[in-house]
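Dear colleague,

I am handing over the structure below for your attention. The notes that follow set out what was found in it, topic by topic.

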Amino acid sequence: MPVANSKAYYEDNKEKINAQSKEFYRKNREKCLAYNKEYWKKNKEKLKSYYKEYKKKYYQDNKEKVKARKKEYRKKNKEKVALQRREYDLKKKYNITLKEKKIILKKQNNKCKICSFKFDENEFKSIACIDHCHTTNKIRGLLCRTCNIGLGYFKDNTESLTNAINYLEEA
């Protein structure tokens with residue numbers, strides 16, 4: 001059967017064909033899932049590159065439409081997007097999740113590890129900063145902005161910090 005005829009047949013019988021497909025899938029769900037899983041395993045690289053190219057082409061052909069849809073989504077889901085962004089930043093910078101940060105906060109009684117300032121995650125000035133060693137990238141704890149900046153200015157040098165303490169005690 002020529003392609004034009006099969007397209008025409010499909011168009012004329014779209015609802016009937018879709019109903020048959022759904023019914024077949026409903027009756028043979030497990031079989032279909034197993035087949036799809038096996039097919040994906042065998043053709044993983046081919047499918048990945050196909051979808052990658054498909055997405056790229058779709059984006060190129062529908063740039064404005066995609067941008068408008070993304071903008072609308074961000075507008076409707078501000079809190080969700082902000083939470084995802086925070087989660088992404090934490091994972092990228094410190095390799096921890098938001099849940100792990102909350103556990104550390106709880107261990108510190110929601111206070112700065114140095115000055116005991118009480119954190120308020122709803123207020124920008126009161127958000128806990130993650131203090132970490134810049135050589136090992138190991139997290140030491142959560143600090144208020146002031147303590148975190150102070151340690152930064154001293155470049156984590158304990159000798160300089162000790163000298164500053166001695167200076168303050170002498171004065």
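**Findings**

Arg85 and Asp89 are 4 residues apart in helix 6 (residues 78-94), which means that about one helical turn separates them. Please bear in mind that the model is a predicted one. The side chains of Arg85 and Asp89 meet in a salt bridge, with 3.2 Å from N to O. Arg85 is partly exposed, at a relative accessible area of 49%, and Asp89 is also partly exposed, at 26%.

**Salt bridges**

How many salt bridges does a search of the whole structure find? The search gives 8. As a general point, side chains of opposite charge can pair when their charged atoms come close.

Another of these pairs lies in helix 2, where Glu23 and Arg26 are 3 residues apart and therefore separated by about one helical turn. Their side chains form a salt bridge of 2.5 Å, taken from N to O. Glu23 has a relative accessibility of 30% and so counts as partly exposed. Arg26, by contrast, reaches 58% and so counts as exposed, since the exposed class begins over 50%. The pair also belongs to a network of salt bridges that links Glu23, Arg26 and Lys27.

**Aromatic pairs**

The count of aromatic pairs comes to 6. One of them is formed by Trp40 and Tyr51, whose rings are 6.4 Å apart from centre to centre, with 35° between the planes; this pair is tilted. The pair links distant parts of the chain, as Trp40 belongs to helix 3 (residues 29-42) and Tyr51 to helix 4 (residues 44-61), 11 residues apart. Trp40 is partly exposed, with a relative accessible area of 34%. Tyr51 counts as partly exposed as well, at 42% relative accessibility.

Why does the pair of Tyr50 and Tyr54 count as stacked? The ring centres of Tyr50 and Tyr54 are 6.3 Å apart and the planes stand at 20°, and planes under 30 degrees apart count as stacked. Tyr50 and Tyr54 are 4 residues apart in helix 4, so they are separated by about one helical turn. Tyr50 is partly exposed at 49% relative accessibility, and Tyr54 is partly exposed at 46%.

These residues come together in a cluster: ring pairs link Trp40, Tyr50, Tyr51, Tyr54 and Tyr58.

**Tyr25**

Tyr25 is located in helix 2 (residues 14-27). Its relative accessibility is 35%, so Tyr25 counts as partly exposed. Apart from its neighbours within four places in sequence, Tyr25 is in contact with Cys32 and Leu33. Tyr25 and Asn110 are 85 residues apart along the chain, and their C-alpha atoms are separated by 52 Å.

**The largest pocket and Lys101**

The largest pocket has a volume of about 490 Å³. It is lined by 16 residues, of which Arg86, Leu90, Lys101, Ile127 and Ala128 are the closest to its centre. Which elements each supply at least two residues of the lining? They are helix 6, helix 7 and strand 1 (129-132). Helix 6 gives the most, with 6 residues. By class, the lining comprises 9 nonpolar and 7 charged residues, with no polar ones.

Lys101 is placed in helix 7 (residues 98-107). Is Lys101 buried or exposed? Lys101 is buried, because its relative accessibility is 11% and buried means under 20%. Leaving aside its neighbours within four places in sequence, Lys101 is in contact with Leu90, Ile96, Glu121, Ile127, Ala128, Ile130 and Leu142.

With kind regards

Notes. Residues numbered from 1 in each chain as written. Predicted model: local features only at pLDDT ≥ 70, side-chain atom pairs only at ≥ 80, totals over all residues. Heavy atoms only, no water. Buried < 20%, exposed > 50% of the residue type's maximum accessible area, 1.4 Å probe, protein only. Contact = heavy atoms within 4.5 Å. Phe/Tyr/Trp six-rings, centres within 6.5 Å; stacked < 30°, edge-to-face > 60°. Salt bridge = Lys/Arg side-chain N within 4 Å of Asp/Glu carboxyl O. 1 Å grid on protein atoms, 1.4 Å probe; cavity = no way out; pocket = protein on both sides within 12 Å on 5 of 7 lines; lining within 4 Å. Points joined across faces, edges and corners; volume = space filled by probe spheres on them. Nonpolar A, V, L, I, M, F, W, Y, C, P; charged D, E, K, R; others polar.
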